[in-house]
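Subject: Structure handover

Hello,

Please open it first, then read on.

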Amino acid sequence: MATKEATQHPISVYLWIWLLLFVLSAFSYMVDYLHVQGLLRWTLIIVFMLLKAGLIVGVFMHMKWERLALKLAILVPPLCLLVLIGLMAIEGDYTFLTRSQAFTN
Amino acid sequence: MAVDVMTSSIEPAGITEGMPGVVTDLASDKQAFAVPWGKAMMWIFLLSDTFIFASFLTSYMHVRMTTTDPWPSSSEVFALTIGGAHIPLVLIAIMTFILISSSGTMAMAVNYGYRRNRGRTASLMLITAAFGTVFVGMQAFEWTKLIVEEGIRPWGNPLGAPQFGSAFFMITGFHGLHVSAGVIYLTVVALRVWRGDYERSGNYEIVEIAGLYWHFVDLVWVFIFAFFYLW
């Protein structure tokens, strides 16, 4: 039934999102092209990435118009990955320090 | 009672929204997700695929953090000289725009599918598959350039950290495989749309399901582009 509603959108919705994705991609490319460095570079990359991901999942994949039960079932489990990323970052830091002490000079 | 529950799962009228809606959807003795089963299964498959790609990207993060050798500058590795001008990362930028365009045509194909416009649905899907083919072709070009000209191997390269090659071939290779599979999938469905299979069954859901897969491939590229190429 959510599908039925989602089917009635005019094509222009998709063309607008398409244009937005183009602009956001151009922005993220400009981050590299203009040699933005440091914290600003990482922030901009992540922001543009999340905006693009949100538009693709929300509009192109119609998640915006699905029932909350489906949204939660699909979007919440990937949050576990933040734990993995956090653990690997801590462990990576430690490994790097050990290697720097043991293998350089 | 049981009959009552059965009819309420089919009849969309009078459904609860928000958190109470989640509870009634999951708690009653009925189908939990109000979507066709094929669509629910595709979402669950994509969820599992999310974990696969996230594991690849996390391991990439880990090897990049732990290596004591300098990481090769992707901006320079993927630069091209076009008409005498040296443009950093240009090939990847073009590939990004191509994949986004294919997502746009796919979204329109799904829309025309539900309007039962057989010709437009099939042709837009074939255009999407063509964009996908161009993408894979450019990736083959990129791999050839890296292997033949730059001497990058999964176990080492002349530019710096040896992990660069293994992460690159593993992540982009797995993504390219997904694109290739998607091209085949879309072509098969497009030909069946063209032939009128779904016109007869009156059910164009398969177009949306194939679309979900294709948008996911584009979604993964957004993350690869950000973390591998731009970081």
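Confidence in chain A

The mean pLDDT of chain A is 89. In that chain, 90% of the residues reach 70 or more. Confidence is not even along the chain. It is highest in helix α3 of chain A, residues 38-60, with a mean of 94. It is lowest in helix α1 of chain A, residues 2-7, where the mean is 48. Residues 1-6 of chain A have a pLDDT below 50. That stretch still makes 13 contacts in the model beyond near neighbours in sequence. Where pLDDT is low, predicted coordinates should not be read in detail.

Chain A

Chain A has 5 helices and 0 strands. Its elements therefore read α-α-α-α-α from the N terminus on, by the DSSP runs used here. The radius of gyration is 20 Å, whereas a compact globule of 105 residues would be near 13 Å. Along the principal axes, the C-alpha atoms of chain A fill a box of roughly 65 × 35 × 15 Å.

Buried residues account for 38% of the 105 in chain A. Take the contacts in chain A with a separation of 6 or more: 57% of them come from residues 24 or more positions apart. Chain A exposes about 6,100 Å². Carbon and sulfur atoms supply 76% of that area. On charge, chain A carries 7 positive and 5 negative side chains. The centres of these two sets lie 9 Å apart.

Chain B

Chain B has 9 helices and 2 strands. Along the sequence the pattern is α-α-α-α-β-β-α-α-α-α-α.

Of the 231 residues in chain B, 50% are buried. For contacts in chain B between residues at least 6 apart in sequence, 72% join residues at least 24 apart. The accessible surface of chain B comes to about 10,200 Å². Carbon and sulfur atoms hold 69% of it. Chain B has 12 positive and 16 negative charges. Their mean positions are 10 Å apart.

Two backbone details

Which residues other than glycine have a positive phi? One is A:His35, with phi near 55 degrees. A:His35 sits in the loop between α2 (11-33) and α3 of chain A. Is A:His35 buried or exposed? A:His35 has a relative accessible area of 52%, so it counts as exposed, the cut-off being over 50%.

Another is B:Arg116, with phi near 60 degrees. B:Arg116 is in the loop between α5 (90-114) and α6 (118-149) of chain B. The relative accessible area of B:Arg116 is 41%, so B:Arg116 is classed as partly exposed.

Best regards

Definitions and conventions. Residues are numbered from 1 along each chain as its sequence is written. Chains are lettered from A and ligands numbered from 1 in the order in which they are written. This is a predicted model: local features need pLDDT of at least 70, side-chain atom pairs count only at pLDDT 80 or more; totals for chains, interfaces and linings use all residues. Side-chain values use heavy atoms; hydrogens and water are left out. Helices (H or I, at least four residues) and strands (E, at least two) are DSSP runs, numbered from the N terminus. The radius of gyration is taken over C-alpha atoms; the globule rule is 2.2 Å times the number of residues to the power 0.38. Buried means under 20% relative accessible area, exposed over 50%, partly exposed in between (1.4 Å probe, protein chains only). Contact means heavy atoms within 4.5 Å. Accessible areas come from the Shrake-Rupley method with a 1.4 Å probe; for residues, only the protein chains shown count as cover. Lys and Arg count as positive and Asp and Glu as negative; His and the chain ends are not counted. The place of a charge is taken as NZ of Lys, CZ of Arg, CG of Asp or CD of Glu. pLDDT is the predictor's confidence in each residue, from 0 to 100.
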